[in-house]
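Please look over the sequence and the model before reading on.

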Amino acid sequence: IGCLTTILDPKGIKRTASASVKFAQNGKLPELNENLTSYVNGSTAYKKIVTTLRGCKRVRAESNGTIVTISVGPLSFTHHGDASEAFAMKVTIQGIAVFEDLAVVRKGRVVMEIEEGALSIANLNQFHGFVAQASTRLP
């Protein structure tokens with residue numbers, strides 16, 4: 001939605017491969033999503049992705065007649081990989097709030113985007129653990 005629509009497709013940066021996985025409890029929240037993308041220039045891709053997220057503070061859009069509002073802000077987080085940054089997001093759909101923590105980690109040419117979403121503010125220690133474990137497996 002809005003500036004978040006093509007977050008892993010930064011303009012002018014060529015992808016070389018991508019993969020994603022989603023874990024959801026019986027198809028419902030909480031959920032954990034991980035996207036791995038390698039780029040010809042991972043450093044530039046990472047910088048463009050993070051710059052987009054920093055500038056995407058509030059998004060409001062209509063999808064199939066439903067108003068969706070997303071707010072994005074910085075999240076204090078441990079450093080991972082060659083570069084990393086984290087964000088806290090609140091997605092409101094028909095008055096129901098979903099809270100998401102999102103981390104972007106770069107290691108070499110690979111950028112990992114991992115997010116955890118729930119109906120309440122996620123356990124930050126748990127999210128740190130997910131990101132740390134996934135980061136150690138980056139090529």
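This is a predicted model: local features need pLDDT of at least 70, side-chain atom pairs count only at pLDDT 80 or more; totals for chains, interfaces and linings use all residues.

Residues are numbered from 1 along each chain as its sequence is written, and side-chain values use heavy atoms, with hydrogens and water left out.

**Helix α1**

Helices (H or I, at least four residues) and strands (E, at least two) are DSSP runs, numbered from the N terminus.

| Group in α1 | Residues |
|---|---|
| Buried (under 20%) | G42, A45, Y46, I49, V50, L53 |
| Exposed (over 50%), on the face turned away from the buried side | K47, G55 |

The buried residues of α1 fall within an arc of 125° seen down its axis (taken from the directions from the axis to the C-beta atoms), so they line one face of the helix. They pack against β2 (28-39), β4 (66-75), β5 (83-93), β6 (96-107) and β7 (110-118), where contact means heavy atoms within 4.5 Å. At the start of α1, a side-chain oxygen of N41 comes to within 3.3 Å of the backbone nitrogen of S43.

**The largest pocket**

A pocket is an open set of points on a 1 Å grid where a 1.4 Å probe fits, with protein on both sides within 12 Å along at least five of seven lines; lining residues have an atom within 4 Å of a point. The largest pocket has a volume of about 360 Å³. Its lining has 19 residues, and L4, T5, I7, E113 and E115 are the closest to its centre. β4, β5, β6 and β7 each give at least two lining residues. The largest share, three residues, comes from β5.

Conventions. Buried means under 20% relative accessible area, exposed over 50%, partly exposed in between (1.4 Å probe, protein chains only). A polar contact is a pair of N or O atoms within 3.5 Å; within protein, one must be able to donate a hydrogen and the other to accept it, and residues adjacent in sequence count only if both atoms are side-chain atoms. Grid points are joined across faces, edges and corners, and a volume is the space filled by probe spheres set on the points.
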